[in-house]
Amino acid sequence: MRKFLSALLVLVLVLGLLPVTASAAKGSCGDNLNWNLDESTGVLTISGTGPMY
């Protein structure tokens, strides 16, 4: 049981070191508004017209 828990702890620690990235880089923020995130530069662009939620 100790070996299993040790192996599980090592796995959790290794997975915690992996980078986490956003999966979505485009979306909507209103009926006629869209956003786009350029992940390489970190620039967020919002385009369109009308109310934003």
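The sections below take up the sheet, the hairpin and the nonpolar surface in turn.

## Basis of the model

The structure described here is a predicted model.

## Sheet architecture

An open sheet is formed by 3 strands in the order β1-β2-β3, with antiparallel pairing. Strands β1 (26–30) and β3 stand at the edges; each has a single partner strand, so one side of each is left without a neighbour in the sheet. From one strand to the next, the twist averages 25°.

Strands of a sheet pair through backbone hydrogen bonds, in either the parallel or the antiparallel sense. In a regular strand, the side chains alternate between the two faces of the sheet.

## The β2–β3 hairpin

Strand β2 covers residues 33–38 and strand β3 residues 43–48; the two pair in the antiparallel sense over 6 bridges. Together β2 and β3 form a hairpin with 4 residues between them. Within the turn, glycine 42 has a positive phi of about 80°.

Leucine 33 stands opposite glycine 48 in β3, and tryptophan 35 has isoleucine 46 of β3 as its bridge partner.

Helix α1 spans residues 2–17 and includes phenylalanine 4. Phenylalanine 4 has a relative accessible area of 53%; exposed means over 50%, so this residue counts as exposed.

Phe4 also contributes to a nonpolar surface patch of about 850 Å². The patch is made by Met1, Phe4, Leu5, Leu8, Leu11, Val12, Leu15 and Leu18.

How values were computed. Residues numbered from 1 in each chain as written. Predicted model: local features only at pLDDT ≥ 70, side-chain atom pairs only at ≥ 80, totals over all residues. Heavy atoms only, no water. Pairing = 2+ DSSP bridges. Patch = residues over 30% accessible without salt bridge, like charges linked within 9 Å, V, L, I, M, F, W, Y side chains within 5 Å. Areas by Shrake-Rupley, 256 points an atom, 1.4 Å probe, with all protein chains shown as cover. Salt bridge = Lys/Arg side-chain N within 4 Å of Asp/Glu carboxyl O. Buried < 20%, exposed > 50% of the residue type's maximum accessible area, 1.4 Å probe, protein only. Axes fitted to C-alpha atoms, helices over the stretch in contact; angles between N-to-C directions.
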